[in-house]
Structures are given as structure tokens and as C-alpha cells.
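Here is a short briefing on one strand, its neighbours and the aromatic contacts. Keep the model open while reading.

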Amino acid sequence: MNRLLSTIILFTFFLLPTGKGQVIAMSEDLYLKNDLAYFLVGNYQDTFALFRDIDHKYKLHTYDNLMLPVDVIEFEFDFKRMKIVDVLNDGNGFFNIIYCGKKKGEIYLNAEKYTIKGERVDSSTLVIYNDLIDFPDYNVVLSDNETKVLLYEIESKTKIEAVAFDNENSRLLWQKTFQSDDFDLYYDFEQILISNLGQVFIVSSKKKFTAKKIDPFFLIHYLPFGVDKLEAIEIPFAENRNYSSKFVFDNLNNRLTAAGLYANRRLFKAMGYFFISIPMNNSAKYTMEMKPFTKDYIMEYLNRKKINKKAGIVDTEIKEIVLRKDGGALLIGEKVKLKEKVTGSKIDNEMFRADFFYEEIFMISIHPDGEEHWKNIIHKRQYSFDDSGIFSSFYLLKTAQNLNIIFNDDIRSQSTVSQFSIKGDGAYKRKAILNTGDIEVKLRIKDALQVSSNQIVIPSQFKNKLRLIKFTF
């Protein structure tokens with residue numbers, strides 16, 4: 001059993017390393033030897049909350065504005081065997097613990113609401129399963145404002161089991177089975193998302209085969225709020241293929257928006273980008289635009305002085321779509337490479353090693369009609385091995401003034417945390433915001449949580465120790 005060691009020397013500090021008013025505060029160590037999971041729950045006025053699943057013992061750690069410990073609260077549940085699905089801030093000063101528990105051969109999906117002091121104020125059973133042997137392996141999807149939660153599990157090639165939960169009002173919206181011969185969830189499935197109103201979208205990237213050619217298209221199964229039957233939206237993909245894409249729901253403009261990279265059919269390399277905007281009041285009036293990359297842009301992204309005619313962008317994933325108020329979008333992608341190799345000279349002693357490379361970031365601002373506003377490339381080099389890349393990549397901090405890309409310069413304990421600040425016209429500046437040389441931290445930056453308009457909390461894992469670092473910009 002883990003415990004919060006009272007003998008640890010408290011290390012909380014403040015820095016103004018680059019910008020005026022920037023403050024960094026750090027919590028004390030928590031030892032993670034027996035932890036199964038931890039959840040950054042968020043801010044509650046002047047208190048930050050962290051929930052831990054410690055080998056089926058459950059604790060809530062709270063911290064003040066300076067990341068000094070306030071309290072440690074232990075939780076007890078009515079089930080000896082259970083699994084935490086998620087712990088979510090409800091936006092009204094409480095948090096919900098969603099979990100599965102097993103009793104007398106039945107599996108319960110429950111939600112319990114608590115105060116920041118650990119007082120239970122509500123409890124409800126969402127679903128009872130009497131035909132399952134083990135707990136469902138739920139994937140969790142949140143709406144943009146986090147008031148709606150979709151729990152789903154792919155049961156088979158043509159079947160999805162789903163539960164929708166109202167996180168704000170702590171109630172079940174519905175439980176449904178989505179099943180269709182149009183689904184090929186093992187090969188075609190791209191994404192599932194839920195809107196602030198509870199609309200659900202299941203996105204597949206499919207192909208039509210004819211005697212002369214193959215026609216790729218997006219097939220979107222859409223469940224309007226309060227309706228039981230799925231509707232279908234089909235978006236043809238012209239003469240190209242989907243290389244990497246992401247869909248988001250624009251709750252402000254009531255549109256389903258997508259953007260990504262398209263590839264040449266013969267050479268699976270990204271040759272340009274695309275933008276899709278589907279108005280939900282008339283889905284037939286959608287916008288679909290494709291724009292090829294210039295030779296200079298591909299050369300800069302690949303860091304090459306010369307390229308041939310067949311050159312394109314490879315090893316790249318779409319990471320973010322930031323919606324613009326006017327209905328446009330900012331597309332953000334990152335170059336990600338995984339190299340696996342065998343080490344050791346004897347067959348019996350062979351070991352597999354995985355090298356992770358997270359490099360360039362591209363950003364493309366797109367107008368509502370699909371026309372390009374601006375595009376940029378941000379250069380970085382991150383390398384690590386056998387760590388699943390958990391310390392690599394970046395976090396996107398959104399403020400009223402600009403967007404900020406936060407990342408580790410190097411994946412090691414002694415490194416620099418840097419920030420790119422991007423303005424609305426695409427101009428950007430880089431600065432260092434923390435040097436970790438004398439601090440035993442290793443930041444999982446892509447798992448950060450934005451807790452206010454100018455604050456993020458980043459977890460650090462170093463030698464089985466967890467720390468929370470709060471940045472105020």
C-alpha cells in the first residue's frame with residue numbers, strides 16, 4: 001500500500017524565468033509503487049484535486065494555490081471488486097467518479113458525486129449487466145464543455161455498446177447498441193464523438209469498389225439528440241485517400257468539422273491537406289476543400305534541400321483541430337516515428353527495443369470556405385526509447401490572446417521546458433519557461449490539464465515518484 005510520506009521535504013518554489021508574472025509551483029513527492037492509475041480532477045476555487053487508484057485503495061489529494069498539501073481523503077465503496085472508469089470535474093464545484101463494480105454475478109456501472117472534501121452528495125446506478133463475465137473495457141469521450149460523457153466499447157466488427165452520461169446533472173442519458181452492416185469497426189473506424197447537446201457521430205473511412213476504380217469516402221453515422229435511429233452522411237474523397245484526419249463538433253456554429261492530410265492513391269504520402277465543414281441543419285450543403293502542399297513547404301517539413309517530384313509528408317499524425325469562431329479551423333499535426341529493433345547477439349537473449357521520435361509540428365489556419373489563411377512549421381527534436389513516448393509531444397494551452405505549444409526540449413531528467421506562443425496571424429515566438437537541471441522531475445506534458453485561462457498542471461513521473469507542477473502564465 002502506498003502512502004503520502006510526511007517526512008518528504010516540501011519543495012515548492014516560484015520562478016520568473018522569462019516572462020513577467022509567470023509563476024511555477026511544485027508539489028511534494030507521491031510514491032507510485034502500487035498505483036494502478038491517477039486522475040487530474042481539476043481546480044475547485046483555490047484547491048486542486050488529484051484522485052489515485054492505489055491497488056484498489058482510493059485517495060483524493062488536495063492542494064492549495066501554492067501546491068502545498070491541504071488534505072488526503074480515503075474513499076470506500078460498496079464493492080470489493082471494482083474498476084475506476086474516470087473521475088470528472090462536473091463544472092459546478094463537485095466531481096463524479098464513474099466506476100464498474102461486481103456483486104453476486106452482476107456488473108454495475110455506477111456514478112457517484114462528491115464534494116472536494118470527499119462528502120458524497122449523489123449516487124446512481126447507470127446500467128446493470130447480468131451477462132458479462134468481466135468489466136467492460138470502456139473508451140471515454142467527452143463533449144467540448146465536458147458536460148456530456150460517452151462510454152463505448154467495440155464489441156465486434158459491426159457492433160458498438162455505448163452509454164451516454166450527463167456529467168453536469170449526474171444522470172444517465174441513454175444506453176444503446178449501435179449495430180450496422182455498414183460498420184467495419186476493425187478496419188474502417190476512425191473516431192466517435194459527442195456534442196454538448198448529446199449528439200453522437202461515428203466516423204468511418206471507407207472505400208467503394210467498382211470495375212475500374214476504388215472510390216474512398218467518409219461515412220458518418222449521426223445520432224441526433226432524442227432520436228433512436230442513426231442517420232448517415234457520406235462525404236466523397238475525390239481522387240485521393242485519407243492519410244490522417246480528425247473530426248470535431250463545432251457547438252457554436254452547429255457544424256461537424258474535419259481536417260487532415262490526403263495522400264496520393266499510389267504513393268501513401270501526404271501531398272496536401274483537406275477541410276470539411278458540415279452544417280447539421282442541412283448536411284447536403286457541406287464544404288469540402290483540398291489544397292496541395294508546395295515543394296518548398298514539403299522541403300522545410302522534411303528538413304531537406306532537395307526533393308523529387310514524388311516527395312510528400314510521411315510519419316505524421318493529426319493531433320489537434322482548434323475551432324475558430326467564424327467556422328474555420330486551425331489544423332495541427334506532428335511528425336511521429338517509431339523504430340523497433342532487436343538487440344543482443346544470441347537468439348535466446350534477443351530483446352526488442354522501441355525508439356520514439358517526435359519532431360516537426362505543422363499548423364495550418366483555414367477559413368470557413370476552406371481557403372488557406374496561413375501555415376507554419378515549428379521545428380523540434382524529441383527522442384526517447386522504451387517509454388511509449390509518454391514524455392514526448394506537446395500540450396496546447398489556449399488563452400484569450402494566443403495559443404501556446406508547451407514541450408520538453410529533450411526527453412531526460414535534466415532538460416528545458418519550452419513554449420511557442422502563436423498569434424492569430426501565425427506569427428510565433430519561442431522562450432524557455434523552466435530548466436529542470438537541479439530538479440528531479442520528468443514531465444508528461446501531453447497529459448497536462450488546463451485549469452484556468454492562464455494555468456496548467458503537468459504531472460511529473462521520475463523514479464516512481466509523482467509530482468504536480470503548476471504553471472501560471
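Strand 4 (residues 47-54) is mostly covered, with 8 of its 8 residues buried. This is a predicted model. Both faces of the strand are covered. T47, A49, F51 and D53 lie on one side. F48, L50, R52 and I54 lie on the other.

**Strand pairing**

- L40 has L50 in strand 4 as its bridge partner.
- The hairpin of strand 3 and strand 4 has 2 residues between the strands. Q45 in that turn has a positive phi of about 55°.
- Strand 4 also pairs with strand 5 (residues 58-63), antiparallel, over 6 bridges.
- A49 stands opposite T62 in strand 5.
- The hairpin of strand 4 and strand 5 has 3 residues between the strands, and D55 takes a positive phi near 50°.

**Aromatic contacts**

- The structure holds 28 aromatic pairs.
- F51 and Y58 form a stacked pair, 6.3 Å centre to centre with 15° between the planes.
- F51 counts as buried at 0% relative accessibility. Y58 counts as buried at 5%.
- The rings of F201 and Y222 have centres 5.0 Å apart and planes at 10°, so this pair is stacked.
- F201 lies in strand 16 (residues 200-209) and Y222 in strand 17 (residues 214-223), so the pair ties together parts 21 residues apart in sequence.
- One aromatic cluster includes F39, Y44, F51, Y58 and F75.

**Charges over rings**

- K335 lies over the face of Y301, 4.9 Å from the ring centre.
- K337 lies over the face of F357, at 5.5 Å from the ring centre.

How values were computed. Residues are numbered from 1 along each chain as its sequence is written. This is a predicted model: local features need pLDDT of at least 70, side-chain atom pairs count only at pLDDT 80 or more; totals for chains, interfaces and linings use all residues. Side-chain values use heavy atoms; hydrogens and water are left out. Buried means under 20% relative accessible area, exposed over 50%, partly exposed in between (1.4 Å probe, protein chains only). Helices (H or I, at least four residues) and strands (E, at least two) are DSSP runs, numbered from the N terminus. Two strands pair if DSSP finds at least two bridges between them. Rings of Phe, Tyr and Trp (its six-membered ring) pair if their centres lie within 6.5 Å; planes under 30 degrees apart count as stacked, over 60 as edge-to-face and the rest as tilted. A charge sits over a ring if NZ of Lys or CZ of Arg is within 6 Å of the ring centre and within 35 degrees of the ring normal.
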